[in-house]
Amino acid sequence: MASPGPIRGMEFAQLRCFNHAQREAAARCLGCARFFCRECVSEHKNRLLCAQCIAEEAQRGQQARRNFLAPFRPALRLMLGLLLAWSAFYFMGKALIAVPSAFHDGLSAFSDDAGSAR
Ligand SMILES: [Zn+2]
Ligand SMILES: [Zn+2]
């Protein structure tokens, strides 16, 4: 008979706390999906999180509160960029419209001179 594969329950029992290599894992952090012993995780807003994830979440919350306009910034930058690009093309187009006749005249006169010189 073929040997039975590894049993999931046994795998879990062999897991160790991420912080304490000698301790068995008792819970899994929902933030980083790492295993921790009972001491290393704590409940945060009805979720089991490790100390690191709780600190990160607290930091993120503070940052989100500080610059709540952050999500709108890319759109503002895009609009500003489009405006700049539009005005640049607008003035470039104006300049190009004004240039060609004089440019062509100068070019044809030059080629005529070069042809008559030979
Ligand atoms: Zn975590
Ligand atoms: Zn631990």
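This note goes through the predicted model point by point, from its confidence and overall make-up to single residues.

1. Basis of the note. Residues are numbered from 1 along each chain as its sequence is written, and chains are lettered from A and ligands numbered from 1 in the order in which they are written. The model is predicted, and for that reason local features need pLDDT of at least 70 and side-chain atom pairs count only at pLDDT 80 or more, whereas totals for chains, interfaces and linings use all residues.

2. Confidence. The mean pLDDT of the protein (the predictor's confidence in each residue, from 0 to 100) is 80, and 72% of the residues reach 70 or more. Confidence is lowest in α1, where the mean is 56, and highest in strand β2 (residues 35–36), where it is 95.

3. Overall make-up. The protein has 4 helices and 4 strands, taken as DSSP runs numbered from the N terminus, with helices being H or I of at least four residues and strands being E of at least two. Along the sequence they follow the pattern α-β-β-β-β-α-α-α. Buried residues make up 8% of the 118 residues; a residue is buried if 20 or more other C-beta atoms lie within 10 Å of its own, exposed if 12 or fewer, and partly exposed in between, with C-beta atoms placed from the backbone. Among contacts with a separation of 6 or more, residues 24 or more positions apart account for 2%, a contact being a pair of residues whose C-beta atoms, placed from the backbone, lie within 7 Å.

4. The nonpolar core. The largest nonpolar core holds 9 residues, namely C17, A25, C29, F36, C40, V41, L49, C50 and C53. Such a core is a set of buried Ala, Val, Leu, Ile, Met, Phe, Trp, Tyr and Cys residues joined through C-beta atoms within 7 Å.

5. C17. This core residue lies in the loop between α1 and β1, and it counts as buried because it has 21 C-beta neighbours inside 10 Å. Leaving out residues up to four places away in sequence, C17 touches R23, A25, F35, F36, C37 and C40. C17 and F35 are 18 residues apart in sequence, yet their C-alpha atoms are 5.5 Å apart in space.

6. C50. Also a member of the core, C50 is found in strand β4 and is buried, with 24 other C-beta atoms within 10 Å. Beyond its neighbours within four places in sequence, C50 is in contact with C29, G31, C32, R34, F36, C40 and V41. C50 and R28, which are 22 residues apart in sequence, lie 8.4 Å apart from C-alpha to C-alpha.

7. N46 is exposed, with 5 other C-beta atoms within 10 Å.

8. A33. A33 is found in the loop between β1 and β2, and it counts as exposed because it has 8 C-beta neighbours inside 10 Å.

9. A21. The loop between α1 (8–14) and β1 (27–28) contains A21, which counts as exposed because it has 7 C-beta neighbours inside 10 Å. A21 and F36 are 15 residues apart in sequence, and their C-alpha atoms are 9.6 Å apart in space.

10. Helix α3. Helix α3 (residues 73–98) has 26 residues and should span 38 Å at 1.5 Å a residue, which agrees with the 37 Å between its end C-alpha atoms; the expected span is 1.5 Å times one less than the number of residues. The helix is hardly covered, with a count of 0 buried residues among its 26.
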